[in-house]
Amino acid sequence: MLPIIFVLPLLQLVILSNAATFEVKNIKFAYIDNDRSSSSRALIEKFEASTYFNVLSNFPSEALASSAMLKGEVDVVLEIPSHFERNLQKEKRANLGITINAIDGAAAGVENVYVTQIIQSYNKHIKTDLMQISDAQIKPVNIDTIPLFWYNETLNYKTYMVPGILVLLVTMITLFLAGMNIVREKEIGTLEQINVTPIKKSQFIIGKLFPFWIIGMGLLTIGLLLARLIFDVPMVGSLLLMYGYTSIYILVILGMGLFISNFTDTQQQAMFIAWFFMVIFILMSGLFTPIESMPEWAQILTEFNPIKYFVEVMRMVMLKGSGLMDILPQLIKTIVYALIMNGLAVWSYKKTS
Amino acid sequence: MNNTNVIQAEGLTKMFGDFTAVNAITFEVKKGEIFGFLGANGAGKTTAIKMLIGISNPTSGQAHVAGFDVSTQAEDIKKNIGYMSQKFALYDDLTVKENITFFGGIYGLTKIKIKEKTKELIEDLGLEEVANQLVGSLPLGWKQKISFSVALLHEPKIVFLDEPTGGVDPITRRQFWEMIYRASHQGTTIFVTTHYMDEAEYCDRVSIMVNGKIEALDTPKELKKQFQVDSMNDVFLKLARG
């Protein structure tokens, strides 16, 4: 059991941290060039030059392009109207049609930004060209060119994801271990033997907490080592603070697990309930989707999500080097949460039925 | 309450919804006796035991075990009793020694005492070779003997045995009853349930439970006389058939 507890989550850490990235690459790009001019050619070359786009083909008609998108063969279709070059030169403006497959909304958003950037840069280039033709004496005005890229290419996603995934692994393992534990003893009958002893309820719960707490801290340690050695994640903040916070956080999760375990009669029931909370906690943790963009009622719910606090604290301490005062709100909420959950765990453990 | 009565039940009742598992049973068990608690499957023996050992609250009626009330002083009762359930309930994934250390610890025995007890128990049961083996890997007969010894670890006043010899061979059963007698000689009160009527003959007094009620309670000898039969088996059949 012990190797399973340690090896599987760490494999997950290595795999997920490499795979779970928001970067959108290898975008399948097609175009319909109705103009066939040097300008349209130049625009397409811009896309070909980008490392994010795989320029697939030139579709002769819009209908063919739509059917290719329906089949999932292309993600983005650029339609260049006829007279594109003529309009650009005469009217100094032209329209382009962009169709993006938005089955995956997040990816579509990113793709839209990429496309816009490329067209903008092409635009600037054209402007320069046009100015040189029409008004050779006037040098192009040096327009402010600080790009407002919301997507920062140099941002290393692993740095961002590794602490978050580590949080998930520590949480999942400890929640499931604790959640299965007491109910398993109910199933095999050893709990009855414990119940006829004079053991105090709090002693019993502390006895259950302790080994899992050690396992959780062990997981954190190995996970942090991997983060440092394999992913080269910076650890700006205090390790002591990270361990201190985690030691309390794990108690929240263990208390919750034991509470679930006390309330259920079979391991299946416990598993379902643990999963129910796990999925909600993960998806509402701010790890994959920003909490700020959730509806208000959901934002209120996230206040009860311990994973949210852990993700925040890990990122703050590890990446920003936040100190005790910075994480104090999260720390206090976590301590209160730990007291409540473990109180419930003790309360829900019934020696007499 | 009579000082010589270590268990005293009055109208003890347990209901699950509309079903009355134990129906107002009244009896007492004297200090130092081997009390046989007989009954067919589903007669309510285990439910009655669970009330006496303080892990199930009675619906009505009352009972005192070792001088404490089962409804209000269950934790005090637990310090004074040992219990062996019909289902083997030591930790399969701990060794014999570890189980002894663990339960000794829960009952608050000192380290020295635990060491002493471990040595004594392993020698008595001849478990030297398997002392460091996982309990789960041992044969049932051995497991039952270990469970019984663990139930006696903290030298309880009363020990409750719920079908301790279910599924074990006749030789082991005989050895088991020798252990029971030894404990009884040392002053422990034994409360034992069984299906084997030959075992009922070994008891000082027996009660026979039918459909949640105690239908007969006396010494095996008196019961046989009362029902005019030769064996406890016949007593049981007469009662259980109604």
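## Confidence in chain A

The average pLDDT of chain A is 84, and 90% of its residues score at least 70. Over residues 135-154 of chain A, however, the pLDDT is below 50. This stretch has 6 contacts in the model beyond near neighbours in sequence. Where pLDDT is low, the predicted coordinates should not be read in detail.

## The sheet of chain B

In chain B, 4 strands make up an open sheet with antiparallel pairing, in the order β2-β1-β4-β5. Strands β2 (19-30) and β5 (68-69) of chain B stand at the edges; each has a single partner strand, so one side of each is left without a neighbour in the sheet.

Within this sheet, β1 (residues 5-16) and β4 (residues 60-65) of chain B pair in the antiparallel sense over 5 bridges. Glu10(B) stands opposite Gln62(B), a residue of β4(B). Helix α1 (residues 45-52) of chain B lies across β1, β2 and β4 of that chain, and runs at about 120° to β1(B).

## Helix α3 of chain B

Helix α3 of chain B spans residues 96-106. Its buried residues are Val96(B), Lys97(B), Asn99(B), Ile100(B), Phe103(B) and Gly104(B). Seen down the axis of α3(B), these residues fall within an arc of 160°, and therefore they line one face of the helix.

After α3(B) comes Gly108(B), which has a positive phi, near 75°.

How values were computed: Residues numbered from 1 in each chain as written. Chains lettered and ligands numbered in written order. Predicted model: local features only at pLDDT ≥ 70, side-chain atom pairs only at ≥ 80, totals over all residues. Buried ≥ 20, exposed ≤ 12 C-beta atoms within 10 Å, placed from the backbone. Helix = DSSP H or I, 4+ residues; strand = E, 2+ residues; numbered from the N terminus. Arc of directions from axis to C-beta. pLDDT = per-residue confidence, 0-100. Contact = placed C-beta atoms within 7 Å. Pairing = 2+ DSSP bridges. Axes fitted to C-alpha atoms, helices over the stretch in contact; angles between N-to-C directions.
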